[in-house]
Amino acid sequence: MNRQIVILGGGTGGTLTANRLRRLYPLDQVDILVVDQDDRHVYQPGLLFVPFGLTHPEDIVRPRARQLRSGVRFHRAAVDRVDIEANEVHLEDGPTVPYDVLIVATGAVLVPEETEGLTGPGWMEKVFTFYTPEGAAALEAALATFDGGRLVVNIVDMPIKCPVAPLEFAFLADWYFTERGIRDQVELVYVTPLDGAFTRPVASRELAGMLAERGVELVTEFNTGEVDGEAGRLVAYDGREVPFDLAVVVPLHGGAPYVTRSVGLGDELGFVPTDELTLQSKAAPNIFVIGDAANVPASKAGSVTHFEGETLVENVRRYLAGDPLEPGFDGHANCFIETGFHKALLIDFNYDTEPLPGHYPSPLGLPLLKESRLNHLGKLMFQWFYWHSLLPGRDIPGIGSTMPTAGKREEARA
Ligand SMILES: Cc1cc2nc3c(=O)[nH]c(=O)nc-3n(C[C@H](O)[C@H](O)[C@H](O)COP(=O)(O)OP(=O)(O)OC[C@H]3O[C@@H](n4cnc5c(N)ncnc54)[C@H](O)[C@@H]3O)c2cc1C
C-alpha cells in the first residue's frame, strides 16, 4: 500500500513541500494530501503595498489547488486536532485522515483579541492592521483621507511574521505622505517591544539611523498592554503612553488553535517544538514542521520557509527510507526591506550570522544593508518568483538554501 503523507496547511510551506515531494516520489509509492481551511492563497508580502494603493487584494490572491502539481490531492477543511498516538488527523467536517508522515504547515495566526481594547471602539476606524487583506484594504481607505496628525506603527509583541514589515510600513508612510505633499503635517512614530529598531545589532543600528533620517520617532521597549481606540493612545504594561490619531498595529501571533487542542503537539503559544536543524517535530518522529508553525529560532518569513523546504523534504525521504536525518537547516533568512522612493535594502542572515553588509549571494551580487533601486526591483520581482518558482518547489538559480558567506563583510561586526 502507498505511504500516506498528509500536509496540514496549503500556504507557502505546505504548497512548496507538496510539490517537491510529488516530484520526488512516483504516484504508485506515495499519496500526498494537502488540507487547508480555505481556498485563498494570499501572497502575504503584497499586503504591505495595499494600504499605499500600490497593489490590490485581488492581485495577490490565487486559488490554492491551482498551485499544486497534478497528483497532489487538495481537501478543503479545517483541522480540528491531531491524534499523535493514533497517527490520525481529525477534520472539522467529519472524516478522519490517517497518515504515515504528517507535515505541519499551518503557519501563525493573528490574535488581536488578546490585547485589551485592540478590537474594541476605533478598530478599523482609527486602529488598523495591514496583516490581513481586509485590514490592509480598510487602511488604504483611511490613509487616503488622513490629512495630518500622529500616525503610530506598533508591534504588540514578538514573534511576528516578517519582523521587518512594520519598518517597511513606516518607510513607505514617509514616502507616501511626501508624495501627497503633507509630510510636514504628519508625525510618524515607531513603537516596538524590542530594544532597538530590529533584532540583531548591526541591522538594528542601520535601520534606526534610517528611521531618524526620515524623521520617524523610535520608541523602544514598549510592551503594549492596551490599545485605547476611543482616546487614541497605546498604554504599556509599565504605564507609559503613546498618543495617536491613527494606529497601525501588528497584533500578537500564535500557532493555529488546533495545535493546542492536539495533545502533545504544541507549546503554550500554539507553535510546534521542532528540531531547528532537521525540522523533525519533538512531538513524534513521523511529524515534521515547516514555516511559521515551527518554534525554531529563525524569522517567521516566506524566505525561511522556502529555504527549509530542501532539508524538510530530504528528511522525510530519509525517515521513510529508515536512514538517519540530515541536520541541514542553518536558519537562513533573506528579506528585502522596502525603504520608499523606489529603493529597498536586503538583509541575509542565519542562526549564527547576523545581517552584515556586503553583497548577496556573492561579491558581485545585490548590495546588503544598503539602499538601492536594484533591491527595490528585486522586491517587486519576487512576487513572480513566488508563484512560478518558489511554490512549484523549483530551485532558484544561484540561490542555495544555506546562507552564502562569500560576499559578506565580517569587520562590520565591530
Ligand atoms: C504583511 C506581511 C508581509 C510579509 N512580507 C514578507 C516578505 O517580504 N518576505 C518574506 O519572506 N516573508 C514575508 N511574510 C511572511 C510570510 O508570508 C510567511 O512567513 C509565510 O507565508 C509562512 O508560510 P507558512 O506556510 O508557514 O504559513 P502560511 O503561508 O500562512 O500558510 C498557513 C496555512 O495554514 C492554513 N491553516 C491554518 N490553520 C488551519 C486549520 N486549522 N485547518 C486547515 N488549515 C489551516 C491557513 O489557511 C494557511 O493557508 C509576510 C507576512 C505578512 C503578514
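How do the residues of the lining of the largest cavity divide into nonpolar, polar and charged? Hold that thought while you get set up. You're looking at a predicted model, where local features need pLDDT of at least 70, side-chain atom pairs count only at pLDDT 80 or more, and totals for chains, interfaces and linings use all residues. Residues are numbered from 1 along each chain as its sequence is written, and side-chain values use heavy atoms, with hydrogens and water left out.

**Stop one: the cavity.** Select Gly291, Asp292, Ala294, Val296, Ala298, Ser299, Lys300, Val304 and Glu308, which line the largest cavity. A cavity is a set of points, on a 1 Å grid over the protein atoms alone, where a 1.4 Å probe fits but cannot get out; lining residues have an atom within 4 Å of a point. The lining splits into 4 nonpolar, 2 polar and 3 charged residues (Ala, Val, Leu, Ile, Met, Phe, Trp, Tyr, Cys and Pro count as nonpolar, Asp, Glu, Lys and Arg as charged, the others, Gly among them, as polar).

**Stop two: the sheet.** Now pick the 5 strands of the open, parallel sheet, ordered S5-S2-S1-S9-S20. Strands here are DSSP runs (E, at least two residues), numbered from the N terminus, and two of them pair if DSSP finds at least two bridges between them. S5 (72–76) and S20 (287–289) sit at the edges with a single partner strand each, so one side of each has no neighbour in the sheet.

**Stop three: a strand pair.** Zoom in on S2 (residues 30–36), joined to S5 by 5 bridges. Click Val34 and you'll find Phe74 of S5 opposite.

Conventions:
On a 1 Å grid over the protein atoms alone, a cavity is a set of points where a 1.4 Å probe fits but cannot get out, and a pocket is an open set with protein on both sides within 12 Å along at least five of seven lines; lining residues have an atom within 4 Å of a point. Helices (H or I, at least four residues) and strands (E, at least two) are DSSP runs, numbered from the N terminus.
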